[in-house]
Each structure stands twice: as C-alpha cells, then as structure tokens.
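Subject: Structure handover

Hello,

Here is the structure for your files. My notes on it follow below.

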Amino acid sequence: MRKQKNTLRLASLAAPFAVAAVLAAPMAVNAGDYNNEHFWSAKPEGTAWVTNYGECWQSLHGPNDLDPCVAPAPVPKEFNVRLNFEFDKYRIENIVNDGELQRLDNYIAQVNDTPVREKISLVGHTDAKGSEAYNYQLGMRRAETVHDYMISRGIPAEDIMSVESRGELDMLPGVDIYSVEQRRVTIKADYDD
C-alpha cells in the first residue's frame with residue numbers, strides 16, 4: 001500500500017511537466033522551421049531597399065538581385081508653389097493653375113516619403129494691387145490655406161512651425177508687380193543634412 005501511494009504522488013508531481021512537454025512539442029517543430037527561413041537584416045551594404053521608416057533592409061539568405069539601397073532624397077530647403085490665386089482670393093478652389101496644385105501634391109508626397117522630419121515654414125505673397133496692410137492679411141490667408149491643405153494631405157500639424165505673410169513686400173524679380181505670378185506661397189523646409 002505504501003508503495004502505491006508513493007507512485008501516485010510521483011505521478012501527480014510529474015503531470016505538469018508532461019503537459020508542458022506536450023505543449024512545447026509543436027514549438028520545437030516550428031523552431032526548426034525558423035532555421036530555414038530567410039531572415040532580413042537592417043544593414044546598408046549589399047543589395048537592399050529602404051522601408052517607409054527609412055530603414056535599409058537586405059536579405060541575409062535570400063535573393064542577391066535586389067536593387068541597391070537608396071534612401072529617398074530630402075525635399076528642397078525652399079519650394080515656391082505659384083498657386084496663382086484669383087484676384088483678391090485665397091481658397092484652394094480659387095487657384096487658376098491646376099498644374100501648380102499637382103506640384104504641391106508631389107511636394108507633400110515627397111515630404112511624407114522621406115525619413116527626415118522636416119520643420120516647415122509657409123510664407124504667403126500677393127501682387128501689388130491694394131494697400132500694404134490689406135495685402136499682408138491676404139498673404140496670410142493664402143499661407144493658412146496651404147497650411148490647412150498640407151495637413152489634409154497628411155503633413156502633421158506640429159511639423160508646420162510657422163505661417164506668415166510678406167504681402168507685397170517680396171516681389172519676384174523680373175515679373176510685373178501686378179502679375180498673377182506674384183500671388184504665391186513659399187514653403188521652407190528646415191532639417192539636418
């Protein structure tokens with residue numbers, strides 16, 4: 001009788017270990033599969049590509065015919081978007097040159113694709129028609145329109161550091177001061193090279 005109690009006691013102590021071994025068995029099979037997987041490494045040498053986070057990846061055991069790793073180019077430090085607004089207007093729907101709006105969309109996409117976090121400043125401009133004070137306010141409205149548009153297209157609001165106006169003070173050289181081309185917004189991007 002005494003021998004049977006010890007055997008039962010040992011069996012009850014060993015039961016949790018048996019359950020753990022049964023549960024671990026599929027993991028042991030999968031661990032072998034991982035040795036055959038092609039793992040990836042964030043290293044810039046060899047054949048590789050850049051993720052959306054700016055990480056350069058390459059195959060350790062995979063194909064060797066991948067394109068070389070090239071990081072997206074940073075945006076220009078200054079970008080003039082000549083959104084030629086209708087006279088005395090400042091909304092996106094008041095832009096007379098749709099091609100320039102496409103240029104702005106391309107710029108925004110480039111900002112969103114680069115791993116660099118740009119600090120953006122917007123400066124609104126007007127032509128010389130109207131008073132200096134009025135043009136200052138109109139230039140500000142135009143810069144704010146571009147600010148809101150950029151945010152609607154995915155630029156984080158905290159990345160736009162300033163929105164200001166120069167009104168009619170900074171005219172484009174060689175362009176008539178009353179020309180529609182003077183009605184524009186300058187975008188400046190500050191980042192570490």
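**Strand pairing and the rest of the chain**

In β7, Thr186 is the bridge partner of Asn80. Please keep in mind that this is a predicted model.

The pairing belongs to strands β4 and β7, the latter covering residues 185-190; they run antiparallel and are joined by four bridges. Strand β4 itself spans residues 78-81 and has two faces. Phe79 and Val81 make up the covered face, while Glu78 and Asn80 lie on the uncovered one.

Asp88 sits in the loop between β4 and α2, the latter being residues 98-113. Its phi is positive, at about 65°, although Asp88 is not a glycine. Most residues other than glycine have a negative phi.

In sequence order they give the pattern α-β-β-β-β-α-β-α-β-β. The chain has 193 residues, of which 31% are buried. Its accessible surface is about 12400 Å², and carbon and sulfur atoms account for 55% of that. Of the contacts between residues at least 6 apart in sequence, 64% join residues at least 24 apart.

Regards

Terms used:
Residues numbered from 1 in each chain as written. Predicted model: local features only at pLDDT ≥ 70, side-chain atom pairs only at ≥ 80, totals over all residues. Heavy atoms only, no water. Buried < 20%, exposed > 50% of the residue type's maximum accessible area, 1.4 Å probe, protein only. Pairing = 2+ DSSP bridges. Contact = heavy atoms within 4.5 Å. Areas by Shrake-Rupley, 256 points an atom, 1.4 Å probe, with all protein chains shown as cover.
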